[in-house]
Amino acid sequence: MNEFPLTSVERRYQQLLDQMTGLERVQRLTALCQTGWDMIALQVRQEYGNSLSDKELKYRIAERMYMGDTNFLRLMKHFREQ
């Protein structure tokens with residue numbers, strides 16, 4: 001189990017998760033992932049401007065998300081160049 005006791009906020013969050021159905025958990029995860037994606041997209045747009053195509057924006061976001069995975073980046077580069 002956890003080495004550190006949960007805070008009251010963490011306990012409440014866990015209680016709410018325990019009450020969710022499987023579908024609700026998937027919906028929650030999807031919303032959290034979309035929020036993360038949107039935050040990275042904002043950073044990319046600030047860096048490159050709004051001139052990126054949707055496809056190029058997706059590549060730039062993926063590069064940031066997987067920057068530590070050299071195998072993935074190599075594979076993505078291969079498909080991007082085709």
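In what follows, Lys and Arg count as positive and Asp and Glu as negative, while His and the chain ends are not counted. The place of a charge is taken as NZ of Lys, CZ of Arg, CG of Asp or CD of Glu. On this basis the chain has 12 positive and 11 negative side chains, and the centres of the two sets lie 3 Å apart.

The structure is a predicted model, in which local features need pLDDT of at least 70 and side-chain atom pairs count only at pLDDT 80 or more, whereas totals for chains, interfaces and linings use all residues. Residues are numbered from 1 along each chain as its sequence is written, and side-chain values use heavy atoms, with hydrogens and water left out.

The chain contains four helices and zero strands, where helices (H or I, at least four residues) and strands (E, at least two) are DSSP runs numbered from the N terminus. Read from that terminus, the order of elements is α-α-α-α. The radius of gyration, taken over C-alpha atoms, is 18 Å, well over the 12 Å that the globule rule gives for 82 residues, so the chain is more spread out than a compact globule. That rule is 2.2 Å times the number of residues to the power 0.38. Along its principal axes, the C-alpha trace spans about 50 × 25 × 25 Å.

Of the 82 residues, 12% count as buried; buried means under 20% relative accessible area, exposed over 50%, and partly exposed in between (1.4 Å probe, protein chains only). Contact means heavy atoms within 4.5 Å. Among contacts with a separation of 6 or more, 14% join residues 24 or more positions apart.

A nonpolar core is a set of buried Ala, Val, Leu, Ile, Met, Phe, Trp, Tyr and Cys residues joined through side-chain atoms within 4.5 Å. The largest one here has five residues: Ile 40, Ala 41, Val 44, Leu 57 and Ile 61. Helix H2 (22–48) and helix H3 (54–65) are the elements that give two or more residues to this core, and H2 gives the most, with three. Not counting residues up to four places away in sequence, Ile 61 touches Trp 37, Ile 40, Ala 41 and Val 44.

Two further residues illustrate the surface of helix H2. Arg 25 lies in this helix and is partly exposed, with a relative accessible area of 39%. Beyond its neighbours within four places in sequence, Arg 25 is in contact with Leu 17, Asp 18 and Met 20. Gln 46, also found in H2, is exposed, with a relative accessible area of 62%. Gln 46 and Gln 27 are 19 residues apart in sequence and 29 Å apart in space, C-alpha to C-alpha.
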